Amino acid sequence: MSVLRPLDKLPSLNTATILLVGIEDALLQQLADSMLKEDCASELKVHLAKSLPLPSSVNRPRIDLIVFVINLHSKYSLQNTEESLRHVDASFFLGKVCFLATGAGRESHCSIHRHTVVKLAHTYQSPLLYCDLEVEAFRATMAQRLVRMLQVCAGHVPGVSALNLLSLLRSSEGPSLEDM
Amino acid sequence: MDETVAEFIKRTILKIPMNELITILKAWDFLSENQLQTINFRQRKESVVQHLVWLCEEKQASVNDAALLDIIYTQFHQHQKIWDVFQMSKEPGEDVDLFDMKQFKNSFKKILQRALKNVTVSFRETEENAVWIRIAWGTQYTKPNQYKPTYVVYYSQTPYAFTSSRLRRNAPLLGQIFESHNSTTPLQERNLGLDVNMDSRIIHENIVEKERVQQITQETFGDYPQPQLEFAQYKLETKFKSDLNGSILAEREEPLRCLIKFSSPHLLEALKSLAPAGIADAPLSPLLTCIPNKRMNYFKIRDK
């Protein structure tokens, strides 16, 4: 099956795997590098993909967190994300998916309205993070945050599950979409 | 100094706008700092020019010095000219020679002078491995006409050469010269953004696709640096096509007109990096990739 499922494989010992999905390979690579620089008790693995479905020929570990990177400058990026989302099983959206929007800093280059990604994240009940990945300092901070999220999603943080984290993040959001 | 040379220098300097004059004279490096300081550049242009010509006479400027000044002026105003592009193609099985600028210049000059008695050839190298060649043509009985020169800009690390005027009968001659010097550097390392990933904790899921894109990009654009191009313009005059029936635009008799202009400090390198960067699918539209092959960057697209 070409659909990604969160629990179809056994976890590897102390390993946490994140899948970054986005069209701009260079950005994903940089984010991956930043993440791997972080001190982390778990063994990290970063998978980079342009889109889903993933090629079936690769032998891969269980994926703990999927991050869809959307470049607000590119409608193609949004389109790619929307099409890839179809290949993710519904149970992934219980805290193991998040959206990362980049490029918001350069307003004049944005061809996707912020409201569009907010709505997308809301539809999939998943958190939306903003970060200009091209700026090293912001990227490093986001990498730290993602590593922490990944550890929670992989079950490496005692007492906190992915679903816990999701409800925590949701309650700290602003007014609901209907109020906008 | 020859009267014709003096006249040529005078006319060249007159062409230069006042705000560029000092920069160009400094680039020319024929008159010394001290000499330039003796000139009052705030006077009327004719007086400044007269003074400059007098200084050149004192220093006995030759036709070659004057030609060099002309090259520099043209380099500053290259966008005012229309350039033709020639691409040299390699025969299969030809060896790759290493390029020697000095040798190239010597043999270029020799070949031209042997073929046509009266010709002035001048060279000026620039940073991007390019050499500007200025050729003033004469005939067997007349001296070279300095006012209608041809410029050839040859990027030695690529198979491209740009020329500034229709060459007509002299084209095959120049073509021959380039044939004997056709060379490219040994295949450069592919650096289209495919960084070798040393960290084994990072896995590229779409490695097959990445390699396919690299392959296509390399086939389309080659390994060598692209010729420097700043604009491409597409004029569309086509009728509206749509799957929906009965839309107002589809019924329109007149074709729709649209102008698309791409501009960039280095357009072809930018196009080359689109697919590897993930911004566009490979292969790119043939309308974009045909620019180096067709040697044109202004297109008119009409319905057939």
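Predicted model: local features only at pLDDT ≥ 70, side-chain atom pairs only at ≥ 80, totals over all residues.
1. Let's begin with the largest pocket, which holds about 1100 Å³ of space. Its lining counts 31 residues, and the ones closest to its centre are B:Trp83, B:Phe162, B:Gln228, B:Leu229 and B:Asn297.

2. S1(B) gives the most, with three residues. Sorted by class, the pocket lining comes out as 17 nonpolar, six polar and eight charged residues.

3. Next, the cavities. Searching the whole structure turns up four of them at 30 Å³ or more. The largest cavity has about 60 Å³ of space. Around it sit B:Ile216, B:Thr217, B:Thr220, B:Phe221, B:Lys272, B:Ala275, B:Pro276, B:Ala282, B:Pro283 and B:Leu284. Helix H8 (residues 207–221) of chain B gives the most to this lining, with four residues. The classes here are seven nonpolar, two polar and one charged.

4. For the second largest cavity, move over to chain A. About 40 Å³ of space lies in it, and its lining is made up of A:Gly22, A:Ile23, A:Glu24, A:Leu27, A:Leu28, A:Val69, A:Ile70, A:Asn71, A:Ser77 and A:Thr102. Helix H1 (25–37) and strand S3 (65–71) of chain A are the elements that give two or more residues. S3(A) gives the most, with three residues. By class, you get five nonpolar, four polar and one charged.

5. Stay in chain A for a pair of helices. Two packed helices are described by the angle between their axes and the distance between the axes. How do H2(A) and H3(A) run, roughly parallel or roughly antiparallel? The axes of helix H2 (residues 75–85) and helix H3 (residues 114–123) of chain A come within 12 Å and cross at roughly 10°. That angle makes H2(A) roughly parallel to H3(A), because angles under 35 degrees count as roughly parallel.

6. Who touches whom between those helices? From H2(A) come A:Leu78, A:Thr81, A:Glu82 and A:Leu85, and they meet A:Thr116, A:Val117 and A:Leu120 in H3(A). The residues of this contact split into four nonpolar, two polar and one charged.

7. A:Val117 turns up again when you look at A:Leu128, a residue in strand S5 (residues 128–130) of chain A. Leaving out residues up to four places away in sequence, A:Leu128 touches A:Phe99, A:Ala101, A:Val117, A:Val118 and A:Ala121.

8. Last stop, the place where the chains meet. The size of an interface is often given as the accessible area lost when the parts come together. Chain A and chain B bury about 1500 Å² between them, with 47% of it on carbon and sulfur atoms. A:Asp25, A:Leu36 and A:Leu48 supply 29% of the area that chain A buries against chain B, more than any other three residues. As for contacts, 21 residues of chain A are in contact with 13 residues of chain B.

Methods. Residues numbered from 1 in each chain as written. Chains lettered and ligands numbered in written order. Heavy atoms only, no water. Axes fitted to C-alpha atoms, helices over the stretch in contact; angles between N-to-C directions. Parallel < 35°, antiparallel > 145°, perpendicular 65-115°, else oblique. Contact = heavy atoms within 4.5 Å. Nonpolar A, V, L, I, M, F, W, Y, C, P; charged D, E, K, R; others polar. 1 Å grid on protein atoms, 1.4 Å probe; cavity = no way out; pocket = protein on both sides within 12 Å on 5 of 7 lines; lining within 4 Å. Points joined across faces, edges and corners; volume = space filled by probe spheres on them. Buried area = accessible area lost by both parts, 1.4 Å probe.
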